[in-house]
Amino acid sequence: MSEMWVNMGPQHPMTHGLWNLRVRIDGEMIVEVDPEMGYLHRGIEKISEDRHYNEVITLMDRTCYVAGMAWEHLYVMGAEKALGIVPPERAEWIRMLSEEFQRLASHIMWYAAFVQDLGLMSPFLYGMRDRDLILDLFQSYTGGRLTYEYMRVGGVRNDLPEGFPAQARQVLDWLEPRLVEYDRLCMGSEIFRRRCDGLGVLKANDCVRLGVTGPMLRSAGSKRDIRKDRPYSRYSQVEFDVATADSSDVTGRYLVRMEEMRQSIRILRQALDWLEHHPGPVLADRLPRWLGAPYAPMGREGYLLKRNYPKGVGLSAIEEPHGEACAYVVNEGGEHPYRVKFRSPVFANLSACSHYLVGYHIADIPPIMGSVDVCVGEVDR
Amino acid sequence: MVAEVEQKGRSKPENADGLILKPLYTAARQFAKSLIRPSTIIYPFERLEDPKFREEVAIESGRPIGVGQVWDNYRGVHALNVNTCISCNLCAFSCPDLCIDMVTVPGGDPKHPKKCPQIDYGKCSYCGFCSDACPEGCLSMTTRYELSTPKRAEMVYSPQKMFEIYQRKLPMNPIRLERPANEDSILLDVPLCIGCNACARDCPTECITMIDIPKANPKPGEKPAKRIWKEPVINDSDCVRCGTCISVCPKECLFWGTHT
Amino acid sequence: MEWNAEGVRAQLAAAGAPGILSVDPFDGAAARVRFSPESASALFPVLRDALGFTHLSTVGGIDWVERYEVFYLLWSDAAKRYLLLSADLDAKTPHIETASTVWPSANWHEREAWELVGIGFDHHPDLRHLLMPDGYSFHPLQRSFKLHEPEDLEVKVRHV
Amino acid sequence: MALTTLWDVAYFLASGLLYVVSRIIPPLSGVLSNGDLVWGLSALVFGAILLAASMINTIMLIWFERKMLGRFMDRRGAMHVGYAGLLQNFADGLKLFRKNTFKPRDADGLGFYAGPTAYMVTSLLMFGVLPVSTGWSDGSLPLSMLLALVIFSFAPLFIFISAWSSNNKYSLIGGMRSAAQMIAYEVPILLAVVAVVVISGSFDLNTIVSEQRNYWYWGPLFLAMIVFATGMLAEMERIPFDLPEAEAELVEGWNTEYGGMLFAYFMLADYVRALAGSILVVLLFLGGWTLPAYFPAALTSLPLAGIVVLMVKTYLVFGVFVWIRAALPRVRTDQLLRIGWMRMIPLSLASIVFAVFFVLVKCIPVLGCVPSMGG
């Protein structure tokens, strides 16, 4: 028996969620992989066809449970384009702030889980501790710690509370030296370097061919970042650099994410400065009847309204913490979207997994899959 | 079958320096720090909603030594003021999980029983849409978050149970959505109305009054109507836009629109 | 080079792209290109090589009851623009040539579109169920598939 | 009768017990005064005391690790059961004891049950060999150090047996790894021990410790100590080298299929081995139960002082192991082999050379030595 299939998952410490990586190994070397998805398929796209535009937001938080804000932002932008609504300026800035905080939280969560996979236990707790402070911030203005339900089609639910910028700056001041500490624990350790260098190599042209985006693509030297290339929200008004690395391996992805966290902090400081000095409304004025908070019965005339309301198709794309995410919202003039299609970055990154797993050892699976940052919620949707 | 797979990833890292001293140093530093003050909040005994955390906002060694008053924004278990509830159904309409049922509570008149929301927390997603929709502010979310119970049936909170939570005077979520100024109102398609009084009877805010209108002048050769015709008039400032009248109207003569 | 509908139309004409039905402006993308499904296998390489849309973001399907629509979202690194491709398929047996020979990333997206919307992709290398259990015979994103309806699930357990 | 050694205590207790029994049931007094019976009973008592002491120590070691690891991770560790969580491990053990142990249908029964038992028993055997202080073991085994190391290296065999018989792919890979990497760290450990033997001139742990009363060996044999401690880390399967039970890829490796008390056996035996390993490091390199000269000599002559000194040192050594666990990620199998063969063996050979050099020139090294007690 020189070769055997091993089921890694659906309950496995490496998977970070529910999926099954079937691996054919020869001794300890991986010969073939066959990922099996669908354990977390909730049919979000189908449920969305049956929900009001705003109610879909509750599903977006659950699409990727570590990047809820980013997905809310993605959907809300797509729905606004489909409905022809323009959110107020302040709402756009708050959304950008939320997304960057979410990126920070998501990357810290990734760091914690990634080092845990390598057997490094204490940084997991450090990461959780520091992410909790960001969740406190989220809670202070959204009321939720994981599922925010904060953005609305046409703006955001409520304004930031008083004193929020000061509190957020405190958190950022606390986080900045922590990033140095994270680096010391990982890049300063020879064992870590030896575990990660040269693993999971996926060159830039392969990434493009296979649809791999996000930190995985940027670690191969590409500078594609939707925030820069196709600025949405107010990303064109803040200064930041696109983090890249050229080693296209696990270490490269680690470095890219670490640098992205620093850039996020930079963006956040600028956004906080802007928000402090520009009060204003956060929800668009004239919304269709069924976008207001109470969804009262429409009655006969509701159907008339439905007919009169303009149809449209909205396409939005954001740079989610994991990569490029797109939403395609089809509005056929009704209370519910006709069709919502999401492009999940992890879905594409994972579909290429045979290209960066085969040939490595079974002990390399956790660092490689950790560096992909799998979030099964958004793969299965 | 022996697969022809090339073995990868056995290169020596470049400039891997520092051996293992840096991580050891960092861990030791953290050890010394947390010997003095670990950042744990000892949960059942210490809670972030405790008064001592509410004074100021600060972080010390990774642990919030204060989260401020904004903790009140938390969306936890609902509190319901049964006395001010007007049975408008808006919470149940706005629930994306369909976890709110309107159940009868004592206090209404026998013909039109008073109905208040009953929430199944097994389904609730704490999105807060119901409390945003509540026109009277009687359904509100509190900072309570401990719900675990051995029985599934106990996850269903009756209005009385939520009223008890209300009476405990927990901090309520202070965020209230502003009602948009130029909101649609309910209009009447006059020719269709049969004056059946259903809307005025079921209106939770009693903002609909039926007024007598004289039947329009009879056409020549027609007898004047014996019956007194009635027509609803909606007091727009009292209306909470719950749409109850629209749904009870047998002739579908009420509709959403803007006053011209 | 203009990356709007006119520019895309001119470039498509210059590259001799077959089967283009219309090129419309589209908010958020360079253009929305409708093409006839028969010419898919000839059109895709042109888009990738001549127009530089090297990255396929996603493939999805929409059930319009009387017809199906399949759409492709492409991204060009040079232009920094999206391009929306769409083709109408007949309602009875919707099928189109696979894009995964041109963009390998289409593999999983097409598997998903096949199992959820029910669009067949000819010559797809590995058209298996992805999110649904093996042997699942429904296509949930079709309009005829209603939620809250009981259904027989035939789940075949795969033995390893 | 002076109760100087543990054996004396056991003998005293056993004969006392027999005396009481013979007074209660006079007809048996003839049988009970048989010398062999007294000897046998005192051996039993001896074993019971040893077992109780080592198990309690092991559980305290787990507590120590949990608390310390907690602080390394910026948390508090166990803190609610008993004072500062002291009883937490007893509670956990009780929970595991109450659990149903079950065997996978296709597992091999004999190996499945015998593996953990043998692992536990051989690990506990260590404490029969290790002298914990001058008043611990009566007489001395001339080859006690070799015996200790031999017992220590039984473990991979039993791990492999239980892994193979639990009929699980993860367990199998874990067991294979355990067996494959054994040689990589056993050889350097033995070579490092040779350096100690060269400088002390004995295989007897008692002698080795008493030779260290002037200067501890960690000064002259610093390299050997590093090699030995690293090898011990691998031997205990603690975190930089815990490949056989690598959690992230192998789901606890060879004990995937074990639950309840059988898992508790593995868990306890692991810490028994950790305790024994730390004691070995202290005995071989850190002077055992001796104290440096600037402590008053009267201190060491107090009853139980030797044990206390040794235990303090042991816990400190174990603390270093915990520190390493908190700060380092796990290595890969090939890297462990590389470290074993390419780094640790040359270093241990070098330390043998150092040891021979020190013996030849008969100098007391200055580097990091403890001042001589004048002996």
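Which loop holds Ser248(A)? Ser248(A) sits between α10 (226–229) and α11 (250–277) of chain A.

First, the ground rules. This is a predicted model, in which local features need pLDDT of at least 70, side-chain atom pairs count only at pLDDT 80 or more, and totals for chains, interfaces and linings use all residues. Residues are numbered from 1 along each chain as its sequence is written, while chains are lettered from A and ligands numbered from 1 in the order in which they are written. Remember that pLDDT is the predictor's confidence in each residue, from 0 to 100.

Let's start with chain A. Its average pLDDT is 84, and 93% of the residues score at least 70. Over residues 300–304 of chain A, pLDDT stays under 50. The model gives that stretch 7 contacts beyond four places in sequence. A contact here is two residues whose C-beta atoms, placed from the backbone, lie within 7 Å.

Back to Ser248(A). Its phi is near 50 degrees, a positive value in a residue other than glycine. Most residues other than glycine have a negative phi. Buried or exposed? Ser248(A) counts as buried because it has 24 C-beta neighbours inside 10 Å. The cut-offs: buried takes 20 or more other C-beta atoms within 10 Å of a residue's own, exposed takes 12 or fewer, and partly exposed is in between, with C-beta atoms placed from the backbone.

Asn197(B) is exposed, because 12 other C-beta atoms lie within 10 Å. On those element names: helices (H or I, at least four residues) and strands (E, at least two) are DSSP runs, numbered from the N terminus.

How many of its residues are buried? The count is 16 of 16, so α3(A) is mostly covered by the definition I gave. Just after α3(A) comes Gly84(A), with a positive phi of about 75 degrees.

The other helix is α4 (residues 89–117) of chain A, which holds Ser106(A). Ser106(A) is buried, because 27 other C-beta atoms lie within 10 Å. Beyond its neighbours within four places in sequence, Ser106(A) is in contact with Val66(A), Ala67(A) and Pro321(A). Tyr65(A) is 41 residues away along the chain, yet the two C-alpha atoms are separated by 9.3 Å.

On to chain C. Mean pLDDT is 82, with 91% of residues at 70 or more. Chain C has 3 helices and 7 strands. Their order is α-β-β-α-β-β-β-β-α-β. The C-alpha trace spans about 55 × 35 × 25 Å along its principal axes. Of the 160 residues in chain C, 43% are buried.

How do A and C meet? Chain A gives 32 residues to the contact and chain C gives 27. On the side of chain A, β7(A) supplies the largest share, 4 residues. By class, that side has 11 nonpolar, 7 polar and 14 charged residues. Nonpolar means Ala, Val, Leu, Ile, Met, Phe, Trp, Tyr, Cys and Pro; charged means Asp, Glu, Lys and Arg; the others, Gly among them, are polar.

Last, the cores. A nonpolar core is a set of buried Ala, Val, Leu, Ile, Met, Phe, Trp, Tyr and Cys residues joined through C-beta atoms within 7 Å. The largest has 284 residues, and Leu83(C), Leu221(D) and Phe228(D) have the most contacts inside it. Helix α12 (residues 260–285) of chain D gives this core its largest share, 19 residues. Another core, of 27 residues, lies apart from it and includes Cys130(B) and Met162(B). As for Leu221(D), its contacts beyond four places in sequence include Ala195(D), Phe285(D) and Phe354(D).
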